[in-house]
Each structure stands twice: as C-alpha cells, then as structure tokens.
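Let's walk through this structure together, one piece at a time. Have the sequence and the 3D view open as you read.

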Amino acid sequence: MFKKINNIPIRFKLIIGFVLIITINSISGIMSVNIMKQLGDLVNLTYDKALMSGTFAQAAKFDYSQYDSSIKGGLLSHQQDELSKFQARSTRIYSTLLEDLKVVEERALSPKSAGLIHEIIENLKLVEVEKNNAFALKAQQLASNKLDLSIEMRKNWEAGKLKNSLYKNLTALSDDAAEVGYHFRLSSEETNKKNLNRIIYILALCIAIGLILSIVISYLVITPLFKLQNVCKKVGEGDYETRSDIDSRDEFGTLAKSFNFMLNTIEEKDKNISSLLASLPFGLFYFDEKGIISKERSQATDIIFKDFSKYVTLIDFYNDHNCTKRKIQNVIDATFKELIPFESAVFLFPDLIETKTQDEKKFIQLSFKPKYGINEKLERVILIAEDVTEKNKALAESSALTERVERVSKVSYDIPGFKEFLPAIRSLFILNISILSGPSSDLGSDFKRNLHSIKGLLGIFSFNSCSTLIHELEDFIDNDLDHNISEILIKLQSAHALFEEQADDLTKLLALNTESGLKYYNSKKIDHIKQIVKKNNNIEMLNAITDLDKFPISKVLAKYSNHAATIAKKLEDKKVHLIFDPSDEISFEEAHRIDSAIIHILNNSIDHGIENQTERAGKNKNETGEIRISCKRYPDQSLEFKIADDGQGINAEYLLEKAIKLGLVNKSQADSISEKDKLDLIFISGLSSKDEASETSGRGVGMDAVKHYIESIGGTINLFTKLGLGTTFSLKIPATDMT
Amino acid sequence: MKTCLILLLTFSAVTHAEVFRMVQADKTFLGNITDKEAAAASDDNDFEEKHKIENLNVKVGDSIQFINRDEVSHNVSGWVNEKNIFDVKIQAPGATNDRVIELKTKGEYIIQCAIHPKMKIKLKVE
C-alpha cells in the first residue's frame with residue numbers, strides 16, 4: 001500500500017493532498033452553512049410564529065375591549081347618527097379582530113391555541129349577531145324615542161355570558177402564546193448550543209485532518225530529499241560507493257536514479273584516475289596558492305618520498321629536504337599572484353633535491369607545470385618528481401666511458417709523454433698526502449700549489465673526473481675554514497685512488513709497463529710453443545719459455561698494496577706501506593696458489609703486528625708501518641716467500657700463558673716447551689694473540705688455517721720474531737707440475 | 001433538665017431554617033396563602049392586593065418553596081447583579097410541580113418569571 005502511494009508522482013501526490021484538504025474544508029463549510037441555515041430558520045420561526053402569535057393575541061385582546069366599549073357606547077347613544085357611528089366603528093373593529101385572530105390561527109403553535117382560536121371565532125360570530133340584534137333594537141327605540149330602555153340594554157349586554165367566556169378565552173390565548181414562545185426560546189437556545197458545539201467539532205476535525213495530511217505530504221516529499229542530502233554528504237566526504245536507496249517510481253525515484261548514475265560515472269572516473277595515478281612511474285602531485293599539497297598523487301610519489309602524507313604544504317615538503325621556509329612561501333606567492341611569468345617563477349623553486357634513507361641516497365628532479373582555471377588564472381601547480389639517481393649514474397658512466405676513450409686516444413698519441421706524466425702526478429699526490437699526514441698538518445701554499453698542478457696535469461690526458469674531484473677538493477678547502485684535515489685527506493686519497501685506477505687501466509689497455517716495459521702475450525700461444533719445445537726436448541728453451549709467464553712480484557702481488565691500505569684504513573690510527581724487495585720473478589698462477597695465505601698473513605701483521613701511529617712514534621719508529629715481501633726461487637722451482645713486518649713482534653710467553661688458560665697446553669709441560677714451539681702456538685686453532693676480536697682478525701681461526709693449507713699443498717710455514725722489531729713469516733712452496 | 005430543654009430550644013431556634021411559601025397565582029407572587037385561597041385569588045382583586053409580595057427579606061440558609069397555583073406555566077429564576085443564581089425551571093400548574101430553593105449566598109436578589117416579566121420581586125438575603 002505504502003509502496004503504491006510512494007510510486008505516485010510527486011505532483012499528483014501534492015494535488016491529491018491539496019484536493020483532500022480542500023474537500024474537507026468544503027464539507028465543513030457546507031455543514032456550517034447548513035447549521036447557519038437552521039439558525040436562520042429558527043430566527044424566522046421565532047419571529048414569525050412566537051412573536052407574531054404573541055403580539056397578535058395581545059392585539060386581539062385589545063381589539064376586543066375596543067369592540068366591547070364601542071358596542072357599549074352605541075347602546076348608550078341618544079341619537080341615530082351617534083348610533084350609526086358606533087355601529088360602523090364596532091363593525092370595523094370586528095373585522096380587524098377577525099384579521100388579527102386569523103394571523104394567530106395561521107401561526108398557532110399548540111393544539112390548545114388552535115382550539116381556543118376556533119372557539120373564540122365561533123363565539124365572536126355569535127356576539128356579532130347578538131350585537132347586530134341589539135343595535136337594530138336600539139335603532140327602533142331611537143325611532144320611537146324610548147330612550148329609557150338604554151340603561152337596561154347595556155346592563156343586559158354586560159351580563160352576557162358568551163361575552164365573558166370570550167374575554168377569558170382571549171386572555172388564555174395570549175397567555176398560551178407567551179408560554180409557547182418561552183418554550184420556543186428555550187429549545188432554540190439548546191439548538192444554538194448544539195450547533196455551536198457541532199461547528200467547533202467540525203473545525204477541530206478539519207484542523208486535525210489538515211495537519212495529518214500536511215504531515216503525510218511533507219513526509220512523502222521531504223523524506224526522499226533528506227535521503228538524497230545524506231548521500232550527497234557521504235559523497236562529499238569521499239565515499240563514492242554510497243548510493244541512494246530510493247526506489248519509488250515518482251520524480252524522486254527518477255532523480256535518485258540519475259543521481260546514482262552520476263555517482264557511478266564519478267566512481268568510475270575516480271577509479272580511472274586512481275589507476276592512472278597508480279601506474280605513473282614518476283611522482284605527481286599538485287599544490288594550490290596556499291601551498292597546500294593535494295591528497296591526490298601518484299603512487300610513485302610515496303615510493304620516491306618516504307612518509308609523503310605527512311607533508312601538508314609545499315613548505316613542509318621543502319623544509320624536510322633542507323630548503324628554507326620563508327623563501328618557498330615567497331616563491332609560492334610570486335607564482336600565484338603572477339608577479340613574474342610562470343616559467344621564471346617556478347625556476348625559483350629548488351628543482352633537485354636529495355632524499356636520504358638508511359641504505360641509499362636518491363636524487364629527485366622536480367619539474368613544474370601550470371594548471372589554469374576558466375578565467376585564465378593560475379589555479380594550481382602540478383609537480384612532477386622523478387628519481388634521477390639511476391639516470392645520473394648512467395650518465396656518469398657514459399661520460400666516464402667517453403672520458404676513457406678520449407684518454408686512451410690522447411695517451412696512445414703520446415706514450416712517452418704519458419710515461420713522464422705518470423710519475424710526476426704520483427709524486428705530487430704522495431707529496432700532498434705526506435703533507436696532510438705530517439705532524440704539522442698545515443695546509444701551506446705548497447699543498448695548494450701542488451693540488452693545482454695536479455689538476456692542471458690531469459687535464460692534459462683527460463683525467464676529467466679525477467680533475468673534477470680535485471676541483472671539488474679545492475672548493476672544499478676554500479669554503480671549509482676549519483680545515484678538516486682528515487676530510488681533506490680522505491678526498492685526496494679517493495682522488496688518488498681514482499687516478500691510479502684509471503692510470504692502471506690505461507697501462508693495461510695500452511700494454512704499457514711503466515716500470516720494465518713488459519709486454520702481454522696470449523697464454524694459449526705460449527702453451528702451444530711449450531708443446532713444440534717439449535717435443536724437441538730442449539730444456540733450456542722450455543725454461544726460457546716458461547719464464548715468459550713470470551713477472552716481478554711488484555707486478556704480480558701489486559693488488560696486496562691496495563688490500564693492505566684498505567685494511568689499515570679500517571683500523572684506527574694505523575698506516576701501512578707494502579714494499580716489494582728485489583726478488584725472483586713468479587707467475588700469476590704461483591701467486592694465486594698462496595693468495596689466501598698471503599691475505600691472512602697480511603691481515604694478521606697489520607692487525608696484530610704493526611702498532612698504531614702514536615705507539616710507533618713513542619718507539620721512535622716511522623709512523624707508517626712497513627711490510628716487506630720477497631720471493632726466492634730455488635733450482636727445483638720451489639719458492640720461498642718472506643713476509644716481514646716491522647711491528648711489535650710476537651710475545652711467546654704471552655702466547656703460552658693464553659694457551660694454558662684455554663687448556664691447550666698442560667701447565668706442567670710449560671717449562672719444557674722450547675721458544676720455537678711456543679711461537680708455533682700461534683698456528684693452533686682457537687688461539688689469538690689479541691684479547692678482543694677485530695673485524696680483520698683475532699678470532700683465532702686465521703693462522704692455523706694458513707698452516708693447514710700450506711701443508712696441504714706440500715709446503716711449510718715458519719715464523720721468526722723479535723719482540724719490538726717485527727715478525728717474519730716464511731713460506732716454502734714446492735714447485736708445481738710443469739706439465 | 002430545664003437547662004437542657006432551654007439549650008435544645010435555643011439550638012433549634014438558631015439552626016431552624018424557615019421555608020417561605022411563595023404561591024404564584026393570577027400572574028403574581030402571593031405570600032403564605034393556602035391552595036384554596038390561591039384558587040379564588042384571580043377573582044378577588046382585594047385579596048390579591050393584600051397578599052401581593054414585592055419585597056422580601058430572608059436569612060442565609062432559608063428556603064423558598066415555589067408553588068404554582070396559576071392557570072398558566074411559570075419559570076422563576078433568581079439573579080444577583082444580572083448573574084443567574086438559581087433557576088426553578090418551568091413549572092406547569094399543579095401540586096406535583098412544587099419546588100424548594102435554598103438560599104445559600106447573601107445579596108440582593110431579583111426574582112422574576114421568564115414568561116411573565118411583570119412577576120418580579122426584590123429579595124434580600126442576609
């Protein structure tokens with residue numbers, strides 16, 4: 001039922017409602033009119049019947065006494081004309097009396113009155129006849145002059161019984177009229193009261209029905225409006241999934257359907273935008289004239305910037321990336337007030353920012369696009385953020401490649417020049433590094449001049465990246481008034497390392513051995529020659545060719561220089577310099593066999609052997625520790641490597657003590673252990689001469705592994721130490737099978 | 001015993017409320033007459049004139065018995081300052097329609113018949 005009503009179009013609902021209200025009002029009006037008509041009738045009736053019958057009954061009574069007196073007057077008259085005058089008068093009054101009685105008769109309100117009137121008229125007619133007889137007799141008497149009979153006639157008239165009952169009846173008639181009139185009044189009073197009450201009831205009913213109808217109409221009209229309003233509110237809050245649930249078939253139902261359709265479109269568009277934003281590979285968001293950053297942004301934005309949602313305004317954003325607050329506000333103002341062209345204005349925004357997370361550093365390139373409103377006023381600025389870290393890296397790599405090609409071509413044109421250039425640069429680097437490492441650590445004019453020379457020289461052979469590093473270092477020195485020496489040293493060393501790397505690259509590439517003029521050969525071809533020589537059984541030749549593989553140890557073991565430096569850098573306050581003593585040449589294969597052993601021994605020497613700089617200074621030793629490596633080849637092709645440091649040596653007693661503590665040696669045996677055996681304890685697993693483990697060594701698994709390995713390839717390892725002067729490891733390695 | 005009797009008498013004298021007999025006959029208020037006298041009253045003008053009441057004084061608590069011995073109906077009511085105090089309602093002629101009205105409030109009343117306005121007396125209740 002309710003649903004059916006709901007389906008009626010609103011305009012009909014309204015019309016029906018108003019028609020109903022009007023109908024009810026009309027009915028009440030008609031009822032009121034009826035009541036008024038009744039009231040009017042009552043007034044007429046009261047006037048016509050009660051008042052008229054009462055008045056005319058009284059008038060009749062008065063007429064009768066006039067009639068009576070005129071008859072009496074006639075009977076007493078002395079002359080004929082006097083008699084005829086009274087006669088005429090009485091006749092006239094008689095007719096009036098009849099007329100009056102007729103009025104009362106017509107309006108008789110009670111059967112009693114009707115009966116009375118009837119009796120009165122009948123009697124009156126008899127009295128009239130009696131009168132006429134009396135008057136005729138009187139006329140005869142007047143004619144015969146018998147005047148003495150007059151008094152008697154009158155007396156007779158007075159005594160007439162008929163006449164008396166007539167008078168009584170007339171009185172009764174008027175009394176009855178009065179009483180009936182009074183009753184009439186009472187009943188009309190009651191009717192009035194009832195009608196008044198009826199009108200009040202009708203009015204009250206009308207008001208009540210009108211109110212109910214109004215409420216129903218309002219409910220039918222307003223409820224769907226409220227529903228739509230609620231939906232609007234929810235959509236406004238960003239909930240695009242809300243739909244109106246109005247399903248009636250009236251105008252609101254149609255409106256709700258259109259509304260839902262609109263919401264579908266909006267939701268779809270929102271989803272499209274979201275998916276677009278999600279798929280964008282770069283950060284994208286916008287800000288308005290107040291600098292407030294939009295909630296809409298590409299998902300990439302959140303990947304590029306950590307916790308992007310915490311930025312409310314562009315100022316917050318820049319502030320978090322080390323840009324001053326006030327400046328940004330000014331730029332935003334200038335941009336939106338269009339004080340300067342948009343392109344110039346956005347140029348004032350910092351466009352390359354750095355983000356730092358725990359493990360990486362990213363460079364973000366920002367670009368700005370304007371969005372104009374309808375009146376061509378700048379509405380918002382769209383900001384596109386791109387992670388250019390990789391791009392920069394790739395760019396740097398490609399430029400490094402270009403630089404390398406340029407360098408190679410330059411060097412290949414002037415190899416002699418490069419050979420002179422190399423030691424010159426190196427000496428300058430070492431000179432400056434030694435200035436920084438020196439006790440005074442003063443950046444004198446020499447340092448700066450050297451630096452400048454390095455930069456100048458680097459340019460000759462296109463060591464551009466290295467040259468840039470030096471340039472940056474110069475800037476740093478100029479700006480850094482505190483002269484942070486360690487910082488400068490690190491920068492200089494990294495420039496040096498880069499240079500060495502690039503120089504090494506060039507040397508290898510162009511087969512330049514700057515020290516002995518070595519040349520590279522194809523090992524396969526050498527193998528082939530070896531096979532031929534072997535066939536001819538020419539040992540001398542074979543040896544000579546085999547010798548082709550061999551190079552000075554400074555070349556073969558060069559990589560350990562870097563390794564040593566790296567290890568020393570990790571440890572605080574330590575410096576080590578690796579020196580290759582004049583030795584027999586070895587092949588890379590031979591070096592490779594003992595690679596891990598050498599690394600272990602070097603680690604051990606740098607960590608435990610070489611003292612730190614202050615300690616060394618106290619012992620009158622050079623601050624930079626030295627590790628010397630040499631190699632001797634025996635006729636049976638076995639090799640003996642010696643790795644000697646100038647550190648503090650190994651304390652044999654300390655080792656023994658520690659071994660006893662760890663239960664590796666029986667205390668009772670301790671006295672009988674020779675000095676050499678005590679030192680050999682270092683090769684026992686689980687023993688470290690240092691109390692604390694460092695990153696480099698000290699876990700007690702180093703030297704025993706070395707010993708185990710050397711022995712496994714048929715070699716021996718020995719150590720010689722002098723407290724305070726240093727330790728030498730000696731490794732004897734048997735020859736490899738020549739074939 | 002004597003005192004008791006006196007007290008009883010005094011008490012009864014104090015508490016005894018009088019009932020005034022008001023007879024309506026020949027469209028006039030006639031005080032304290034018998035039914036027989038009332039029946040003859042309309043023919044005897046002198047008698048009527050003698051018993052006709054125009055002013056009456058009573059005490060609070062007293063009552064008036066309205067007796068219609070007329071040939072017509074009457075409707076007597078009492079008014080103080082045009083405010084209706086009592087209404088005897090319509091009394092048709094006859095002994096069965098007598099009614100007693102107790103006067104509870106002080107004031108100067110006008111007692112009048114609604115059908116015959118000439119029947120009018122001034123009543124003082126003290």
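Helices here are DSSP runs of H or I with at least four residues (strands are runs of E with at least two), numbered from the N terminus. Their axes are lines fitted to C-alpha atoms, for helices over the stretch in contact, and angles run from 0 to 180 degrees between N-to-C directions. Before we start, note that this is a predicted model, in which local features need pLDDT of at least 70, side-chain atom pairs count only at pLDDT 80 or more, and totals for chains, interfaces and linings use all residues. Residues are numbered from 1 along each chain as its sequence is written, chains are lettered from A and ligands numbered from 1 in the order in which they are written, and side-chain values use heavy atoms, with hydrogens and water left out.

Let's begin with the domains of chain A, whose bounds come from an automatic or database domain assignment. They are domain 1 (10-206), domain 2 (280-387), domain 3 (396-520) and domain 4 (552-733). Taken over C-alpha atoms, the centres of domain 1 and domain 4 of chain A are 161 Å apart.

Now look at helix α2 (residues 10-76) of chain A, which packs on helix α4 (residues 111-143) of chain A at an angle of about 15 degrees, with the axes 10 Å apart. Angles under 35 degrees count as roughly parallel, over 145 as roughly antiparallel, 65 to 115 as roughly perpendicular and the rest as oblique, so α2(A) and α4(A) are roughly parallel to each other.

Next, turn to helix α16 (residues 485-509) of chain A. How does α13(A) lie relative to α16(A), roughly parallel or roughly antiparallel? The axes of α13(A) (residues 415-437) and α16(A) come within 10 Å and cross at roughly 160 degrees, so the two helices are roughly antiparallel. Their contact includes F418(A), F421(A) and F429(A) of α13(A) and I488(A), L492(A) and F499(A) of α16(A).

Helix α12 (residues 389-413) of chain A also meets α16(A): their axes come within 11 Å and cross at roughly 55 degrees. The pair is therefore oblique. Here E403(A), R404(A), R407(A), V408(A) and V411(A) of α12(A) touch Q502(A), D505(A), L506(A) and L509(A) of α16(A).

Finally, where do the chains meet? Seven residues of chain A are in contact with seven of chain B. The two chains bury about 680 Å² between them, 57% of it on carbon and sulfur atoms; buried area is the accessible area (1.4 Å probe) that two parts lose on being put together, summed over both. D175(A), E179(A) and Y182(A) supply 71% of the area that chain A buries against chain B, more than any other three residues.

How values were computed
Contact = heavy atoms within 4.5 Å.
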